[in-house]
2 protein chains.
Amino acid sequence: VNRSRGSGEDRRSREDVRLRGFRDRATLEEALAWVDARGVTLGAVEVPLEEAGGRVVAAAVVAAKDMPEVVRAGIDGYAVRAADTVGASPYNPLSLRLELPGAGGAVLVAAGCALPSWADAVLGFDAAQESGSAVEAVAAVAEGAGVEPAGQGMRAGAPALRAGGGLGPRELALLGALGLVRVGVVARPRVGLVVAGPKDAPGECDANGPALRALARRDGGIVEKAEGRDLRAALRLALGGAPDVVLVSGRTGTGPDDEAPLALAECGRLELHGVALRPGGSVGMGVAGGVPVVLLPGDPLACLVAYELVAGRMVRRLAGHPPDLPHARTVAEVARKIVSAVGVVEVCQVRLSAAGVEPLGVAEFGGLGAAVRADGFVVVPAALEGYAPGARVTVHLH
Amino acid sequence: VNRSRGSGEDRRSREDVRLRGFRDRATLEEALAWVDARGVTLGAVEVPLEEAGGRVVAAAVVAAKDMPEVVRAGIDGYAVRAADTVGASPYNPLSLRLELPGAGGAVLVAAGCALPSWADAVLGFDAAQESGSAVEAVAAVAEGAGVEPAGQGMRAGAPALRAGGGLGPRELALLGALGLVRVGVVARPRVGLVVAGPKDAPGECDANGPALRALARRDGGIVEKAEGRDLRAALRLALGGAPDVVLVSGRTGTGPDDEAPLALAECGRLELHGVALRPGGSVGMGVAGGVPVVLLPGDPLACLVAYELVAGRMVRRLAGHPPDLPHARTVAEVARKIVSAVGVVEVCQVRLSAAGVEPLGVAEFGGLGAAVRADGFVVVPAALEGYAPGARVTVHLH
């Protein structure tokens, strides 16, 4: 979908929605298609395992060796031959020679260490009693008891990790156990950030810097804030930093000072401005110097919503993360009617109680105080007027 | 619960479980009570809002001013007096004087900006048409339409954030909107990390460093790895770094090389060693120089489980996070029997399919490959033999 407005004499006026309002909002699907077309997973970099937590695996990892590589003791105890313990009981302790390798012997082993080749079982301390140079077995052990065969955890050549998966503690532990000290991961997207507060509402829109930084980091980005004497200068500075995407917050609406869309059009191309999304409907996007630029509203809650639904998807795609909303979800029953306008995707902050899902209001502004008290949000599709009590809805948990 | 074993001649031998096995494992409840008694939330530090993402609010934040502080335009448009638009329609456009403050006037305003004191409504661009020095209202607006009253988002004096809450994007946005640039947060616990691999299973236990680093970071900690010529030297080095807690991974079992409990007893006091938990049963804890020290198994999966259930709780408590397991949860039906031993808390890796919850095996070792394929884990209480098909269980999602 290329919604760039024609060129020529008509161009500036059509791009400029100031003092007019949005005539022709894109659907959220169109906005997401724009993101999906431009958000291509970045290339791979190698990092030490110690720094790989939270990163995304760039290429499938195959086990280069058996895990474990050799037959190991699975428990602490004495390596023995199982046959030497047949008939052992507390009433019939069988004496084994301590530290004698081979038949009739018992050699101390620790869990995780290589099992001597002559042994085929480990006698646990609960089944043994040491006395001088002998160990008395007070229970029989079966062949293989307490033994961890080579390759039990994973066979050489087996797929260990798939490309695109996240590196959590288990994956890091597995790579370590496979003997790796470095791993190829998707490069972190460089996110240029321009925060443009309105001239006569100082403070308000600076709110978005810390929040956007936290969000982009969560999605795998490295945020570099650009500041300039004005919006245009800051945008040019951000674009000069070789970013993978630029986010501009503020001045995207239809007011007299809403210069972000024009600034983007001057640096490159404004391809889409105004989305049927509430809050967050003044979101815009385009390309400048080959870099995708997403314009986010200045209103803090609208900015958060537009980030989560639109801009965050771009960061997640670049970072190789799953593009959909990253929140944990739950399905629950609506307790109090959720109202929404047809033709607009509404993001409704909700509380979850024993009664079910209750909306906290969907006002475009003033909703931040309520949002902080919300347990999650419900995305109401454009085709629906909302949800009646009793409807089962997906809640994205904050 | 103080399970430290007496002093005197009897002391060393009772602390030393090597070549004997655990005779007397603590319950998981006792281990958690130990953690809860020693894991006290750290003090507060002030940080810039830009760096506060993910931190924990140290003291309740009260709104110092109304949000917004003044009556504002809630939408882009023209500030007007509602009375001047009564009767306006496309068939009866009413002309207002552009940029004339007061009765009969219309002044351009942007959403979020202060509303002129003489105005009581905002005429949106969809209801207005500019022509020269006039604006034609083509629809009537009610008093208060498009206006955001002072304090609509939050009143001065209202509780904005409670102590102990996390600083996510919404909270950061709210603090920014309230005009704050710094916030008091709980200090990050300094987590000393000693990774002690077994002598003759090189590589294996180094796996735990990256995983423990990622886990402790997730729980709010700053990890400082200490390395020394041996376990004792590394532990002393870690304790010298003024940590809030020290984690030692490896050499906690009953094998001949399992010197971690003895090293801790030499530096301070081993208070508990061996917990009825599987995997992870060789976990131990004590205090050295006033610093809590948690001993974690060397086996990678056992180490992860012991961290999640025991050591992580300490890090989370110090960091001011909720102490319970931080994983998202879901409740689902058991599809295939989950087997567990009575008297031991078992952590069972499971997959979630359309059929329900299916166990992936609870082996003490070799389970890492399976754990990576798991969707989550189920904690089976010590009193149960497991769960039969059809039972509803809580799955902690990876």
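A residue is taken as buried under 20% relative accessible area, as exposed over 50%, and as partly exposed in between. The structure described here is a predicted model. By the above cut-offs, Arg232(A) is partly exposed because its relative accessibility is 22%. Glu266(A), at 47%, is likewise partly exposed. These two residues form a salt bridge in which the closest N and O atoms are 2.8 Å apart. The bridge connects distant parts of the chain, with Glu266(A) in helix α6 (residues 260–267) of chain A and Arg232(A) in helix α5 (residues 231–240) of chain A, 34 residues apart.

Over all chains, the search of the whole structure gives 44 salt bridges. Side chains of opposite charge can pair when their charged atoms come close. A further pair in chain A is Asp324(A) with Arg313(A), for which the N to O distance is 3.1 Å. In chain B, Arg218(B) forms a salt bridge with Asp219(B), with the closest N and O atoms 3.0 Å apart. Arg218(B) has a relative accessible area of 34% and is therefore partly exposed, while Asp219(B), with 2%, is buried.

The interface between the two chains was examined next. Contacts join 64 residues of chain A to 64 residues of chain B. The size of an interface is often given as the accessible area lost when the parts come together. For chain A and chain B, the buried area is about 5000 Å², and carbon and sulfur atoms give 64% of this area. The rule finds 4 salt bridges across the interface. Glu50(A) forms a salt bridge with Lys225(B), the closest N and O atoms being 3.1 Å apart. Polar contacts between chain A and chain B amount to 12 residue pairs, both residues being at pLDDT 80 or more. On the side of chain A that touches chain B, the elements that give two or more residues are β6 (105–109), β10 (147–148), β11 (159–161), α3 (169–177), α4 (208–218), α7 (300–319) and α8 (368–373) of chain A. The largest share of this side comes from α3(A), which gives 8 residues. By residue class, the side of chain A that touches chain B consists of 34 nonpolar, 15 polar and 15 charged residues.

Several buried positions were found in both chains. Ala31(A) is located in helix α2 (residues 28–38) of chain A and counts as buried because its relative accessibility is 0%. Apart from neighbours within four places in sequence, Ala31(A) is in contact with Leu272(A), Val275(A) and Met285(A). Ala31(A) and Val283(A) are separated by 252 residues in sequence, and their C-alpha atoms are 9.2 Å apart in space. In chain B, helix α6 (residues 260–267) is largely enclosed by the rest of the structure, because 7 of its 8 residues are buried. The buried residues of α6(B) are Ala260(B), Pro261(B), Leu262(B), Ala263(B), Leu264(B), Ala265(B) and Cys267(B). Cysteines are also buried elsewhere: Cys303(A) has a relative accessibility of 0%, and Cys113(B) has a relative accessible area of 4%. The structure holds 0 disulfides over all chains.

The peptide bond from Arg278(A) to Pro279(A) is cis, with omega near -10 degrees, and Pro279(A) is in the loop between β17 (277–278) and β18 (284–288) of chain A. In chain B, the bond from Met67(B) to Pro68(B) is cis, with omega near -5 degrees; Pro68(B) is placed in the loop between β2 (61–62) and β3 (72–73) of chain B. Arg251(A), which is not a glycine, has a positive phi of about 60 degrees. Arg251(A) is in the loop between β15 (245–249) and α6 of chain A and is buried, with a relative accessible area of 14%. Ala242(B) also has a positive phi, near 55 degrees. Ala242(B) lies in the loop between α5 (231–240) and β15 (245–249) of chain B and counts as exposed, at 53% relative accessibility.

Key: Residues are numbered from 1 along each chain as its sequence is written. Chains are lettered from A and ligands numbered from 1 in the order in which they are written. This is a predicted model: local features need pLDDT of at least 70, side-chain atom pairs count only at pLDDT 80 or more; totals for chains, interfaces and linings use all residues. Side-chain values use heavy atoms; hydrogens and water are left out. Contact means heavy atoms within 4.5 Å. Buried area is the accessible area (1.4 Å probe) that two parts lose on being put together, summed over both. A salt bridge is a side-chain nitrogen of Lys or Arg within 4 Å of a carboxyl oxygen of Asp or Glu. A polar contact is a pair of N or O atoms within 3.5 Å; within protein, one must be able to donate a hydrogen and the other to accept it, and residues adjacent in sequence count only if both atoms are side-chain atoms. Helices (H or I, at least four residues) and strands (E, at least two) are DSSP runs, numbered from the N terminus. Ala, Val, Leu, Ile, Met, Phe, Trp, Tyr, Cys and Pro count as nonpolar, Asp, Glu, Lys and Arg as charged, and the others, Gly among them, as polar. A disulfide is a pair of cysteine sulfur atoms within 2.5 Å. Buried means under 20% relative accessible area, exposed over 50%, partly exposed in between (1.4 Å probe, protein chains only).
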